[in-house]
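This briefing walks through a structure step by step, from the whole chain down to single residues. Please keep the sequence and the 3D view side by side while reading.

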Amino acid sequence: MTALLSIAQLSLRFAGRDILQQLALTLHAGEVVSVLGSNGAGKSTLLKSILGLHDAGVDQSGQILIAGLDIQQARPQALAQLAYVPEQPAVYGHLSAIENIGYFLRLAAVTPTMEISAYLDMVGLPAHAWQRPCSEYSKGMKQKVMLALALAKQAKLLLLDEPNSGLDPQATEELNQLILQCKKKGMGVLVVTHDVLSAMAFSDRLLMLANGQLQPVLLDQSTLTLDSLKQLYQGQA
Amino acid sequence: MNASPVWTIACNEWRRWWHARVPALLLVVLLGLWGLAALAAHHHWQDHARTVADVTLRSQHDWQSQPDRHPHRVSHFGDFVAKPLHPLTVIEPGILDQSGHLVYLEAHRLNSANFNPATEATSLGRFPLMTPGMIVQWWMPLFLIMIAYATVTAEKLAGTLAYMRGNGTAAWQIATGKWLALFLPFLLLLCLQGLLVGLWSWHSDQAGLRLGLMLLAQVLYMAGWCGLVVAVSWWSRQLHAALLTLLLCWVCVCIIFPRGLANLAQVLHPTQPRTEAEYHAEIKLKTLGDSHHPNDPHFAGFKAQTLKLYGVSRTEDLPVNYNGLLMQEGERLTTAVYREQQALHDAQLAKQNAQIRHWLWLSPALAMQYVQMASSGNDLAHHQAFIRQAEVRRYQLIQYLNQIHTFKVNQAEDKDTRVDAAFWQNAPRPTVSLAGIDVSRTTLLASLLVLLGWIVLPCALLYKVSKRT
């Protein structure tokens, strides 16, 4: 089976510092992988590399394949396979949820298989909010719009950057359920997060990004303590 | 769902303007300003045109109505010449208000329009004028900056830029969509202005060519500004940085560089003020000769030569009026001196223009103004062409009158003689017409090249910065 995401020997150097070193990662359909790591470890940089969004001055080597397509050689086709949800939900405040999704689908030249409202319903956004400008939405509602967009785009791979940051416990729980829904639909999900508990709730695998490399992490929710978390982030797990 | 990403992005930008209210309001204010400027400029043009028509008519009538009189009195009766105005003056009056458009032509007197400080029109002396040309040159870029400085920076801060890029929208599509959103409203306004003026001035000389060049320059100018706004907005990480950078660009391109270039040219190649030029001409004339002085060497020589030519020993024995011959010789000398002074003045102006052209790439605003001024027939080259035509007319007319003085007025009864009015009515007064636009070809070429470069610069900058998210 072709991996939805395949990263091999990815190294990245910026401003004289090695951010990623010979990093490797494989993610299959229906799999949720969470990447943990301390601030500045390079988690968001890894996502930028997958999206091919690095600024000038970044020295990158290695190979990234999305559904078998090389991001460097076939960027538009490769990006058509994925949906990316940034930390700050990127919706236009002057547009409603339906208009935002319509706009980004038009940019991606994607025709959804269902009405846009059906996707919003699927992610649990209240119907009364669908036509209201997104400037009136909470962060959780905006996250739902972005996930509805990912579903409407019929993406195979979903990239989430700190999806739970700034969400209250109820919104976090709703989002975790949505990620699991995506997994059930056969999507591959890569999550970059600080929220270890949520990651444990929806992930098939946990990876720690430290010293530019990904290491598998085995955690038991019943024995997880603040000290063990500290040790984990200090690379002593 | 079939709209291209570029068009989709442009439409979303307009929607953002509409939703934010302020950009939409600014566009409305700009439209109102342009309307006011058009009305004021039209009124101003009508005033000029009416004056030109009235003066031409009255001057013709007064000239033709002269009674039988002495030709020298006629030569001081004078003749008014009005500079023909192109209808595009309504867009760009150029140096018209500085140089004037009426000239009084008189015997051995300096043409009243010579040595005017015409170069002052390149400076900010024209700032209080409100014309459509000025709206395009100064106000449109300023309003564009206020409307759109945040066009990409805001997307960056909101994360939508990275989101679009990360979901497959190419940087060139975003840049083109943004540029199109900024450019199309201004293109529409410029085309509307061109259409209205075109319909109104189609009958005039070289209307299509002049209007086409003006529109081309305006379109290139605004296209460049739109590109710069998108590039700087993309380059900036903060909204205030984008605004301040663009305002700095505007101040440099529209205010500091044009003013600085005009000042630099005047310092490096100074022109004489009118009074100084007249003073130098008078000094030169005195060294050449004084016809009223009996022992003046030049006129003594002229007298001897004339007597020898006619084979007589006294001026009283000449078959022609010696006073008329003196007038002709005096006019020839005076004109030569004035033309020499004029040539010196023109040479300095040419040096100033060459100096400004050399650094014109610093200010596309000045380049655009030059094309507007040339297209409307109100630049320095057109003014100088008018001055030359007026001077030719003056010289021909005065020498015609001097010849009548020479051949039709009996020397013995010189002061009491009246010549038939038919002579004035048939006097040569060649029509002064607006010079063809080719008189400004050097300036036009340099300016259009600068404006083409002005398009390339933001594109290169945009290409460089569009990798940023």
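Predicted model: local features only at pLDDT ≥ 70, side-chain atom pairs only at ≥ 80, totals over all residues.

Among the contacts in chain A between residues at least 6 apart in sequence, 69% join residues at least 24 apart.

**Chain A as a whole**

- Chain A contains eight helices and ten strands, and its C-alpha trace spans about 50 × 45 × 35 Å along the principal axes.
- A compact globule of 237 residues would have a radius of gyration near 18 Å, and chain A, with 18 Å, agrees with that expectation.
- Of the 237 residues in chain A, 44% are buried.

**An open sheet in chain A**

- In chain A, four strands in the order 2-1-4-5 make up an open sheet, and their pairing is antiparallel.
- Strand 2 (17-27) and strand 5 (69-70) of chain A are the edge strands, and because each has a single partner strand, one side of each is left without a neighbour in the sheet.
- Seven bridges join strand 1 (residues 5-14) of chain A to strand 2 of chain A, in the antiparallel sense; for A:S6, the bridge partner in strand 2 of chain A is A:T26.

**Helix 6 of chain A**

- Helix 6 (residues 169-184) of chain A has 16 residues and reaches 23 Å from its first C-alpha to its last, which is close to the 22 Å expected at 1.5 Å a residue.
- Which residues of helix 6 of chain A are buried? They are A:T172, A:L175, A:L178, A:I179 and A:C182, and because these buried residues fall within an arc of 120° when seen down the axis of the helix, they line one face of it.
- An α-helix has 3.6 residues a turn, so residues three or four places apart point the same way.
- The other side of helix 6 of chain A carries A:P169, A:Q170 and A:K184, which are exposed.
- The buried residues of helix 6 of chain A pack against strand 3 (32-36), helix 5 (139-152), strand 7 (157-161), strand 8 (188-192) and helix 7 (196-202) of chain A.
- Just after helix 6 of chain A comes A:G186, with a positive phi of about 95°.

**Helices 2 and 8 of chain B**

- The 43 residues of helix 2 (residues 22-64) of chain B should span 63 Å at 1.5 Å a residue, and the 62 Å between its end C-alpha atoms agrees with this.
- Buried residues of helix 2 of chain B include B:L30, B:W34 and B:W45, and the buried residues of this helix pack against helix 1 (5-20), helix 5 (132-148) and helix 8 (171-201) of chain B.
- Leaving aside residues up to four places away in sequence, B:F186 touches B:M140, B:L144 and B:M222.
- B:F186 and B:L27 are 159 residues apart along the chain, yet their C-alpha atoms are separated by 9.4 Å.

**Where the two chains touch**

- The contact takes 21 residues from chain A and 22 residues from chain B.
- On the side of chain A that touches chain B, the elements that give two or more residues are helix 2 (75-79), strand 6 (82-85) and helix 3 (97-107) of chain A, and helix 3 of chain A gives the most, with five residues.
- By class, this side of chain A has 16 nonpolar, three polar and two charged residues.

Notes:
Residues numbered from 1 in each chain as written. Chains lettered and ligands numbered in written order. Rg over C-alpha atoms; globule rule 2.2 N^0.38 Å. Buried ≥ 20, exposed ≤ 12 C-beta atoms within 10 Å, placed from the backbone. Contact = placed C-beta atoms within 7 Å. Pairing = 2+ DSSP bridges. Expected span 1.5 Å × (residues − 1). Nonpolar A, V, L, I, M, F, W, Y, C, P; charged D, E, K, R; others polar. Arc of directions from axis to C-beta.
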